[in-house]
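Subject: Structure handover

Hello,

Here is the structure we talked about handing over. Please look through it alongside the notes that follow.

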Amino acid sequence: MSGFTLPSLSLLSQSILSGIFVGALYGLMGLGLSLSWGLLRLINLAHFAFAFLAAYICYQLATMGMDPLLTLAVIVPFFFVLGAALHWVMARFAVTPFNSLLLTFGLMGIVESIIQSIWTADFRKLESSYGQQKFKIGELFVPVPELITLLLAIGIAFGVWGALRFTDLGKAMRAAAQDAPVAAAFGVNEKALGLLLAGTCSALASVAGVCLALSFTLAPSQMYAWVGVVFAAVMLGGLGSALGPLVAGTLIGVSEAVTMAVTAPSWAPIVSFTLLIFILLFRPRT
């Protein structure tokens, strides 16, 4: 096969590790989208815009001397309120799932324009005290920013999973998503839970944005490049699932990294969509 090369074991292992790191970011970015789509029945494309806006705010605060991880204390509450406010508007006007797709796509363009007006379209790179730090395990190099992203993604995914499964609030959210009239008859306040969940989803997007700023060079137009692969992770992981996007994102990230190691990098984006089509065609029907 033209362009195919057999990598060394060390190169392959490093590629797999890199795929796990980027896959964790896919999963973290897809978590809020999965919950919004699965439990609120709203396809919130503004999720990507919020992630990039959070990345730029993190970049700005970091240039002012604030540690990137400490910016979460400012960014997360702000985006929680922003997400809840957006949900209130959509609920007020009874926006349908399809119209939510159109509305939030338009909001993506607005946020992109806001980012460009403040930070311009030039590439920006966050500099931090640990941004270039890495340590070695055997033959593998482990970058500290990517490791932080992986740990945050795992911790948050399991935290959300536990909250949905074992807390009364989580059970109420799942009940309202499955049958809102019956849940309301048992005293579940669907509107309040919707605001809480929407705010949480946007807060999760902001955490993903901070992780994005830690590891990647930023440009406003890049938010559209993340839509396809994160959508694939959400669909593969299951709508409304807390752990599914992380597992699916890791699978996609590793597949892309191995593809780039053995053949041309241009083949990597095809991997996520091939996996998505394969799963949609052959997964069991219920």
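**Cysteines**

The count of disulfides comes to 0, a disulfide being a pair of cysteine sulfur atoms within 2.5 Å. The model is predicted: local features need pLDDT of at least 70, side-chain atom pairs count only at pLDDT 80 or more, and totals for chains, interfaces and linings use all residues. Residues are numbered from 1 along each chain as its sequence is written, and side-chain values use heavy atoms, with hydrogens and water left out.

For cysteine 201, the closest cysteine sulfur is in cysteine 211, at 17 Å, so the two are too far apart for a bond. The sulfur of cysteine 211 has its closest cysteine sulfur in cysteine 58, and that 9.0 Å is also too far. Cysteine 201 is buried, at 4% relative accessible area, and cysteine 211 is buried at 1% (buried is under 20%, exposed over 50%, partly exposed in between; 1.4 Å probe, protein chains only).

**Hairpin**

Strands E1 (residues 134–137) and E2 (residues 140–143) pair in the antiparallel sense over 4 bridges. Pairing requires at least two bridges found by DSSP; helices (H or I, at least four residues) and strands (E, at least two) are DSSP runs numbered from the N terminus. Lysine 136 has phenylalanine 141 in E2 as its bridge partner. There are 2 residues between the strands of this hairpin, and glycine 138 takes a positive phi near 65 degrees.

**Helix H5**

Helix H5 covers residues 144–166 and includes phenylalanine 166. That phenylalanine 166 is exposed, with a relative accessible area of 54%.

Regards
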